[in-house]
Amino acid sequence: MSDDRPEIELPGDISYTFDWPKTGDEEKDAVLADGEQSIKAVDQAIVKQNALDNAYLYYYEGEAAAETQKFVQDYVDHKAAITGSYRFYAPEVHVKQDGTASLSYCEDQGKAFVKYLETNEIKKTEVTAKSYVIYHTSLKKNDKGVWVIQKIVSQSGSAKCRP
């Protein structure tokens, strides 16, 4: 692991559960570890209200970085942050010989909410099929040994992710 990874600090009203067991494969476990940090880095950008936060830019490149910037900017424009509990599970990791990898995983957003900063109002939403999101990411190992996300696609209401 690279020592210059950004420190990610999140408020106490956000919690995470990563049901991502170690695989025993060094490269796959590194993809999972960087994947976990990349998720938290985006959330930090939302909380800091900074669409160009250095932490997520450390883990995202190209198309994925541009899409993530738009995603975070939407929260900034609405003066909104996040709160609650996030659960990530069912990871599938494939590492190729050419220094690329894919990581797919599910997210349960059933206990995660939007918080409006000006009023401190929390928008509680009902748990529906849309609360279960699947993500597909394409990653590349950079020259620092970090698995960076180059492409990310998400789909809410994933049948694969529903309990």
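## Strand β5 and residue S138

S138 lies in strand β5; helices (H or I, at least four residues) and strands (E, at least two) are DSSP runs, numbered from the N terminus. The structure is a predicted model, in which local features need pLDDT of at least 70, side-chain atom pairs count only at pLDDT 80 or more, and totals for chains, interfaces and linings use all residues. Residues are numbered from 1 along each chain as its sequence is written, and side-chain values use heavy atoms, with hydrogens and water left out.

S138 counts as partly exposed because its relative accessibility is 33%; buried means under 20% relative accessible area, exposed over 50%, and partly exposed in between (1.4 Å probe, protein chains only). Residues up to four places away in sequence aside, S138 touches A101, V148, I149, Q150 and K151, a contact being heavy atoms within 4.5 Å. Between the C-alpha atoms of S138 and H94 there are 9.8 Å, with 44 residues separating the two in sequence.

## Overall organisation

The protein chain contains three helices and six strands. Read from the N terminus, the order of its elements is β-α-α-α-β-β-β-β-β. The C-alpha trace spans about 50 × 35 × 25 Å along the principal axes.

Of the 163 residues, 42% count as buried. Among contacts between residues at least 6 apart in sequence, 64% join residues at least 24 apart.

## Surface and charge

The chain carries 20 positive and 27 negative charges, whose mean positions are 4 Å apart. Lys and Arg count as positive and Asp and Glu as negative, while His and the chain ends are not counted. The place of a charge is taken as NZ of Lys, CZ of Arg, CG of Asp or CD of Glu.

## Strand pairing

Two strands pair if DSSP finds at least two bridges between them. Strand β2 (residues 80-95) runs antiparallel to β3 and is joined to it by 13 bridges. Within this pair, Y89 has C106 of β3 as its bridge partner. Strand β3 (residues 100-116) is also antiparallel to strand β5 (residues 132-141), with nine bridges between them. Here S102 is the bridge partner of S138 in β5, the residue described at the outset.

On β5, a further antiparallel pairing is made with strand β6 (residues 147-156), again over nine bridges. V133 is bridged to S156 of β6. The pairing of β3 with β4 is antiparallel and has two bridges, and K115 has I122 of β4 as its bridge partner. In a regular strand the side chains alternate between the two faces of the sheet.

## Hairpin turns

Four residues separate β2 from β3 in their hairpin, and G99 in the turn has a positive phi of about 85°. The hairpin of β5 and β6 has five residues between the strands, with G145 taking a positive phi near 85°.

The hairpin of β3 and β4 also has five residues between its strands, and N120 in the turn has a positive phi of about 65°. N120 is a residue other than glycine. Most residues other than glycine have a negative phi, and most peptide bonds are trans. N120 belongs to the loop between β3 and β4 (122-123) and counts as exposed because its relative accessibility is 53%.

## The loop between α1 and α2

Two residues of this loop may be described together. Q49 is found in the loop between α1 and α2 and has a positive phi of about 60°, although it is not a glycine. At 23% relative accessibility, Q49 counts as partly exposed.

D53 is placed in the loop between α1 (26-48) and α2 (54-59). D53 counts as buried because its relative accessibility is 4%. Leaving aside residues up to four places away in sequence, D53 touches A41, Q44, A45 and K48. The C-alpha atoms of D53 and V72 are 9.5 Å apart, and the two residues are 19 apart along the chain.
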